[in-house]
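Hi,

Here is the structure I promised to pass on. Have a look at it first, and then read my notes below.

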2 protein chains.
Amino acid sequence: MKLTVAFQGELGAYSELAAREFFHADVEVAPKPVFEAVFRAVESGRCQRGIIPIENSLMGSIHQNYDLLLRHRLHIVGEIKLRIVHTLIVNPGVRLGDIRRIYSQPPALAQCEKFIKSLRGVEVIPAYDTAGAVRMIKEENIRDGAAIASAQAAADYSLKVLKSGIESDHRNYTRFLILSKKKAPRSSHAKTTVVFATRNVAGVLFKSLSVFALRDINLLKIESRPIQGRPWEYFFYLDFEGHADDSPCRKALDHLREIAASLRILGSYEKGREADGRVHKR
Amino acid sequence: MKLTVAFQGELGAYSELAAREFFHADVEVAPKPVFEAVFRAVESGRCQRGIIPIENSLMGSIHQNYDLLLRHRLHIVGEIKLRIVHTLIVNPGVRLGDIRRIYSQPPALAQCEKFIKSLRGVEVIPAYDTAGAVRMIKEENIRDGAAIASAQAAADYSLKVLKSGIESDHRNYTRFLILSKKKAPRSSHAKTTVVFATRNVAGVLFKSLSVFALRDINLLKIESRPIQGRPWEYFFYLDFEGHADDSPCRKALDHLREIAASLRILGSYEKGREADGRVHKR
């Protein structure tokens with residue numbers, strides 16, 4: 001039986017492309033309206049896996065998903081870095097000169113700012129989802145507008161790709177995390193994500209990071225988020241190289257527990273590869 | 001002559017309240033449609049100061065403003081922490097039971113989630129600005145809707161505050177930064193904000209923080225943002241105690257320059273007090 005993977009957005013969304021690359025297309029996908037529904041679908045067992053974007057190389061972290069990782073009790077079991085190639089999608093027969101309005105999700109619109117400016121006098125209209133914008137221009141047969149989304153979304157709705165690779169910076173990747181109720185099997189090229197709160201003492205962040213530096217464990221990312229109800233105090237999310245069960249990492253985490261007010265391991269999982277999204281047949 | 005202070009939003013926005021608390025009301029204010037316009041107004045000299053929200057104690061950092069601090073060449077010259085008290089504002093005669101729609105900026109709506117849920121069956125409609133939502137319900141004489149904004153906005157538009165303090169968590173503060181073309185005068189209770197990029201070597205963040213820890217300089221905040229065109233590399237923004245011209249801080253920053261690929265001091269300024277927003281007469 002195929003795994004069912006929950007993702008936020010509509011069919012053809014970048015999250016779906018990332019899921020198909022990660023699982024080599026061999027999955028059922030379950031579109032959800034909001035990120036929290038992805039977490040709930042996995043927690044309830046209705047879906048075996050979830051996929052969420054955590055970071056875009058141009059826009060930064062998707063902080064809402066950091067907060068949801070803390071509120072829910074799932075394990076990160078994998079990651080994939082999807083190259084984001086935006087395409088300009090229109091109804092058949094619509095030409096570049098006809099376009100007066102462009103619909104897409106705000107981050108996609110921001111990533112294509114240079115291209116949109118080159119069109120002059122075009123109105124930008126935010127949509128809740130890239131693939132949803134494509135469906136909308138199809139259903140309403142919009143003849144003076146275009147959507148920005150993946151080539152997959154164009155194929156799914158049998159619309160025309162007028163231009164591909166319209167993002168301002170081609171080194172545009174989104175990193176996605178795979179979520180599951182169970183831990184990942186141990187891997188040799190692992191990374192680990194943890195979240196901790198510090199006690200209110202001097203030099204505490206430095207001391208927290210020292211547990212990794214003293215053991216030559218490489219930090220990959222640090223992200224801070226506010227602690228609700230304790231203004232100007234923060235949770236720190238850390239990504240580091242290695243598996244939480246490896247001896248130096250285990251010792252580092254034991255050491256961090258001595259220093260931190262709280263510590264939770266969100267997952268150890270194989271480091272993700274970079275992938276180009278391909279168009280899949282339905 | 002009074003200072004002119006640029007802020008994002010309409011009259012009655014929390015940024016305006018923060019400006020009036022910081023400057024003891026003794027300013028002219030210049031509303032701007034977007035944050036970037038605040039930076040440009042100060043750079044061009046049309047306004048002597050700008051004020052921007054940088055962090056909310058419940059929602060976290062306003063990352064766009066971190067990015068704008070890097071893109072523009074202004075100095076941070078002050079800060080203030082404004083207690084955010086949301087009020088439910090209606091046209092005269094409208095009662096709680098009449099309300100079917102609530103208008104406000106998405107962060108304000110999120111901060112009042114519990115109260116909004118208690119009303120049942122009320123539709124939530126995002127607006128670009130809290131005070132703008134108040135103006136809109138006034139201008140369109142909406143009888144089945146309410147806006148969430150400051151008491152100042154209600155006073156400005158002569159509307160009625162139906163309920164005050166409707167935020168889910170009363171420890172709700174927004175920290176604002178004051179921007180100027182010139183550095184702040186030296187102060188004895190100073191903090192400093194810097195931004196740096198690291199070289200790609202092991203333990204580099206730990207080494208960067210060590211320059212402060214070795215000199216007992218207290219870190220107040222760390223924030224990471226992606227470097228455009230260099231996926232998975234980051235700028236780090238640091239707030240620490242002390243003035244960049246104080247001897248230990250100067251040495252720490254010299255030391256950090258040895259380690260970092262780039263370093264810029266965004267400002268040394270007096271630590272901000274907490275303030276309650278008051279209603280001012282126009």
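Start with helix 2 of chain A, residues 35-43, where the buried residues are Phe35(A), Ala37(A), Val38(A), Phe39(A), Ala41(A) and Val42(A). Keep in mind that this is a predicted model. An α-helix has 3.6 residues a turn, so residues three or four places apart point the same way. You can follow that spacing from Phe35(A) to Val38(A) and on to Val42(A), which are among the buried residues of this helix. What lies over them? The cover includes strand 1 (3-8), strand 2 (27-32), strand 3 (49-56), helix 3 (63-71) and strand 11 (173-180), which belong to chain A. After helix 2 of chain A comes Gly45(A), with a positive phi near 90°.

Now jump to helix 8 of chain B, residues 204-213. With 8 of its 10 residues buried, this helix is largely enclosed by the rest of the structure. The buried ones are Val204(B), Leu205(B), Phe206(B), Ser208(B), Leu209(B), Ser210(B), Val211(B) and Phe212(B). Which elements do they pack against? Part of the answer is in the other chain: helix 8 (204-213) and strand 13 (219-226) of chain A. From chain B itself come strand 12 (190-198), strand 13 (219-226), strand 14 (234-241) and helix 9 (247-259).

Strand 12 of chain B also holds Thr198(B). Thr198(B) has a relative accessible area of 12%, so it counts as buried, the cut-off being under 20%. Setting aside neighbours within four places in sequence, Thr198(B) touches Val204(B) and Ser208(B), as well as Arg230(B), Tyr234(B), Phe236(B) and Ala261(B). Val204(B) and Ser208(B) are among the buried residues of helix 8 of chain B.

In chain A, Asp216(A) sits in the loop between helix 8 and strand 13, and its phi is positive, near 55°, in a residue other than glycine. Is Asp216(A) buried or exposed? Its relative accessibility is 73%, so it counts as exposed. In chain B, Asp216(B) is in the loop between helix 8 and strand 13. Asp216(B) is not a glycine either, yet has a positive phi of about 55°, and at 72% relative accessibility it counts as exposed.

How are the two chains related? A rotation of 180°, with 0.0 Å of shift along its axis, puts chain A on chain B with an RMSD of 0.0 Å. That is the relation of a two-fold axis. Of the interface residues of chain A, 100% are also interface residues in chain B, so the copies meet through the same surface.

- Chain A contains 9 helices and 16 strands.
- The C-alpha trace spans about 65 × 45 × 35 Å along its principal axes.
- Buried residues account for 56% of the 282 in the chain.
- Taking contacts between residues at least 6 apart in sequence, 76% join residues at least 24 apart.
- The accessible surface is about 12,300 Å², and carbon and sulfur atoms contribute 50% of that.
- There are 43 positive and 32 negative side chains, and the centres of the two sets are 1 Å apart.

Cheers

Technical notes. Residues are numbered from 1 along each chain as its sequence is written. Chains are lettered from A and ligands numbered from 1 in the order in which they are written. This is a predicted model: local features need pLDDT of at least 70, side-chain atom pairs count only at pLDDT 80 or more; totals for chains, interfaces and linings use all residues. Side-chain values use heavy atoms; hydrogens and water are left out. Helices (H or I, at least four residues) and strands (E, at least two) are DSSP runs, numbered from the N terminus. Buried means under 20% relative accessible area, exposed over 50%, partly exposed in between (1.4 Å probe, protein chains only). Contact means heavy atoms within 4.5 Å. Accessible areas come from the Shrake-Rupley method with a 1.4 Å probe; for residues, only the protein chains shown count as cover. Lys and Arg count as positive and Asp and Glu as negative; His and the chain ends are not counted. The place of a charge is taken as NZ of Lys, CZ of Arg, CG of Asp or CD of Glu. Copies are superposed by least squares on the C-alpha atoms of residues with pLDDT of at least 70 in both.
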